[in-house]
Amino acid sequence: MKASFPHMGCVTGYKKLLEKLGHEVIMPDPPSQKTMELGVKYSPEFICFPFKVMMGTYIECAQKGAELIVSSGGAGPCRAGMYPDVHQKVLQELGYNTRVVVFDSLFQDFHAFYEKVKIVKNGTPNYKLLGLAKFCYNLIKKMDKLEKRMKIMRAYEINQGDFSNAWKDIVKMFEKCETTREVNRTYKKALEIFDAVPCRKVEESQRIRVGIVGEIYVIMEPTVNKNVEEILNNLGVEVENVQYISDWVEHNIVPQWLPFPKSHRVFRMSDKVAPLNCGGHDKENMGWVYDFAKRGFDGVVHLMPFACLPELVNLGKFPAISKELNMPIMSLSLDEQMGEAHVKTRLEAFTDLIKSKHFAKQRSTIGDAIGLKAQSAARKVGSKAQEVKDNLAPAPHTPAKQLTK
Amino acid sequence: MKYYLGIDIGSVSTNVIAMDDRYNVCFNQYIRANGQPLESVKKGMTMLKDAIGCEDEDILGIGTTGSGRELAGVLVGADVIKNEITAHATATLHYHPDARTIFEIGGQDSKIIILQDGMVTDFAMNTVCAAGTGSFLDHQAERLGVPIEEFGDLALTAEKDVRIAGRCTVFAESDMIAKQQYGFSKAEIIKGLCTALVRNYINNLGRAKTLKPPFIFQGGVAANVGIRKAFEDEVGEKVIIPKYYNVMGAIGSAILAKEYIEDNNIKKPAFKGFGQLELEFKPTSFECGGCSNMCEVIRVISSDNEVLAVWGDKCGKYAGTSKASKTAGR
């Protein structure tokens, strides 16, 4: 069958999986202004922004002849739960004979889940399916690891654009991989490529870090969030995004009561301020904000689609949380009207804000060697600088011992 | 005399200032751009040259800010290209180091900046709506047939309060017509508009923020005493209007340029000289068809067909084709 999927971040993994299952893959283009216009035209007016962008992508894919669109869903109380049915209905009304298959959590209704697997697996025997899943999981895991690394290193590149260009080549390399061995080899090669990019050397205490939280689609798809991560990197800021497809898979496949992956622990970190999950990733995002503060990040950028209910709940809580944690949080509400200049101006101002805060904190401890040491040590172990400083102060002759504690 | 220059290219006005190395403003000019930012930059620079009689080598550094900062930065050769929020805060902190809240209302945007210990701790900018900006007032003044310069003074003569819906420019207008029909005077309606603007501003930007005195009010709209009065009524405190309220952004960018030049010990500024301004510049844009993004790429071309700057491309395809690379902000 001619199969396709929505464009969300790095899509090589999905492409590989569908190809290996014997489908002819119709590659979706990254959402452009045209996609958004198409989506807005055929979507209910008050639905969330990701729905509209995905609608646009689906229509474009259907125009190219896709018969099957595979996506993952959110069987939660937020509007994402009704995406598949409404998407299907709109496509039908437009006269496309395209089927939308959306996978919900496999714990909620395994039977329904397996029914959908049967459609997508295209007659592949189950034992082969497991091997395929393992191969693709390894691929996306490796690619996500590289992407995470890039978003840190790109802040210090000397020639702007080096990392982004290198990343494009790396994606092409991964697309050619057919076996796990090839994937692992490509991963090593990619690391070498990254290390070869000329970078500025910046001291630990001079580094500015920003975490990105928000609705999964808008934080993962750079064309939708106006390339927030690259803009921040170009301003010399390290970026850590909380959503990657491999993390999402782990979070949804590993039972909730286990302490790993980290997202399970983070999920519980927000119990105090967010006892209930309102649908999307609101509780998780709140947990990440706490986690970023604990690790000494300088700020958090919160991206939400215009009128996204779960993130709106978070938006209301952020002013108080930001005060409690003494960490600036900036929210950007995104929709098809959002201009790039608009996002850039705000990010620049936010970067100036956190930079001056970061260096003022440092200046107040200048002349106080313990303070500086404590700060960089605290960044490494992820606790508050003051605690480390308290540990250091009474026994200045044995700081090394205290630090390793 | 040696000078640092600051240029603020906003949506409605272009402001040019010159500052000596002791932070004294020697020249300031507020020019209504009328949709031609490049022309107004040229005009402002020429006026500056004539007014203070300086030569190319007297310029120690230039900073640009505002929505046209990148374009103007390329045109004049700026050392620092900064966003409006940082520029405004820098200038305000220079004149009022103890400031805690800045209200800034310009032509098409309005911002609120919260400061603490001489540092920006929070800020907000209007997003999609022009209600609560200078354009809203401009529009209504035109409708009432009152010159915008007299608008504020007229508001102060009002005896009664009248509530006008200020959420949307169009609905404010229909509400205003209704109130006129009820027999309210022009002055009262104007006062109502001022209050509506401030209410809208505080609701939009001041949400969930603790506003603490001293309050500073700047931007072109600060000339309007009616708005100032409305702000004072709203916050219940005195609102300070700085001396150079309408060119604060430009002053801020000049200060930032000075700091940058001095911190990095730069001997030769990026300034291209006043002669450069005589040349013709043509900003052109085209839609790149290289991929489905269809980026609108903007190119500034000089008269001898040299590409001076390119931006707007998402993939960086054109980044290397110009003289000035994209260096904003770093």
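1. Domains of chain A. In this predicted model, chain A is divided into domain 1 (2-124), domain 2 (129-201), domain 3 (204-363) and domain 4 (365-404); the bounds come from an automatic or database domain assignment. Residues are numbered from 1 along each chain as its sequence is written, and chains are lettered from A and ligands numbered from 1 in the order in which they are written. As this is a predicted model, local features need pLDDT of at least 70 and side-chain atom pairs count only at pLDDT 80 or more, while totals for chains, interfaces and linings use all residues.

2. Make-up of chain A. The secondary structure of chain A consists of 18 helices and eight strands. Helices (H or I, at least four residues) and strands (E, at least two) are DSSP runs, numbered from the N terminus. Of the 405 residues in chain A, 40% are buried. A residue is buried if 20 or more other C-beta atoms lie within 10 Å of its own, exposed if 12 or fewer, and partly exposed in between, with C-beta atoms placed from the backbone.

3. Domain 1 against domain 2 in chain A. The C-alpha centres of these two domains of chain A are 26 Å apart. Nine residues of domain 1 of chain A are in contact with 10 residues of domain 2 of chain A; two residues are in contact if their C-beta atoms, placed from the backbone, lie within 7 Å. On the domain 1 side, helix H1 (residues 12-20) of chain A gives the most, with five residues. That side divides into three nonpolar, three polar and three charged residues. Here Ala, Val, Leu, Ile, Met, Phe, Trp, Tyr, Cys and Pro count as nonpolar, Asp, Glu, Lys and Arg as charged, and the others, Gly among them, as polar.

4. Chain A against chain B. Between the chains, 25 residues of chain A are in contact with 21 residues of chain B. On the chain A side, helix H2 (33-41) and helix H15 (340-363) of chain A each supply at least two residues. H15(A) has the largest share, 10 residues. By class, the chain A side has eight nonpolar, 11 polar and six charged residues.

5. A helix pair in chain A. Helix H6 (residues 126-153) of chain A packs against helix H7 (residues 162-175) of chain A at an angle of about 175°, with axes 11 Å apart. Axes are lines fitted to C-alpha atoms, for helices over the stretch in contact, and angles run from 0 to 180 degrees between N-to-C directions. H6(A) and H7(A) are therefore roughly antiparallel to each other. Angles under 35 degrees count as roughly parallel, over 145 as roughly antiparallel, 65 to 115 as roughly perpendicular and the rest as oblique. Residues in the contact include Leu139(A) and Met143(A) of H6(A), and Phe163(A) and Trp167(A) of H7(A). The contact has nine nonpolar residues, no polar and no charged.

6. One residue in chain A. Tyr58(A) is in helix H3 (residues 49-63) of chain A. Tyr58(A) counts as buried because it has 29 C-beta neighbours inside 10 Å. Leaving out residues up to four places away in sequence, Tyr58(A) touches Ile69(A), His87(A) and Leu91(A).

7. A helix pair in chain B. Helix H5 (residues 148-156) of chain B and helix H8 (residues 225-235) of chain B pack at about 45°, with their axes 6 Å apart. H5(B) and H8(B) are therefore oblique to each other. Their contact divides into five nonpolar, two polar and two charged residues.

8. The five-stranded sheet of chain B. An open sheet in chain B has the order S3-S2-S1-S4-S5, with mixed pairing; two strands pair if DSSP finds at least two bridges between them. Strand S3 (25-32) and strand S5 (80-81) of chain B stand at the edges with a single partner strand each, so one side of each has no neighbour in the sheet. Strand S4 (residues 59-65) of chain B runs parallel to S5(B), joined by two bridges. Thr64(B) has Ile81(B) in S5(B) as its bridge partner.

9. Two hairpins in chain B. In strand S7 (residues 110-116) of chain B, six of the seven residues are buried. Strand S6 (residues 101-105) of chain B pairs with S7(B) in the antiparallel sense over five bridges, and a hairpin of four residues joins S6(B) to S7(B). S7(B) also runs antiparallel to strand S8 (residues 119-125) of chain B, with six bridges. The hairpin of S7(B) and S8(B) has two residues between the strands, and Asp117(B) in the turn has a positive phi of about 50°.
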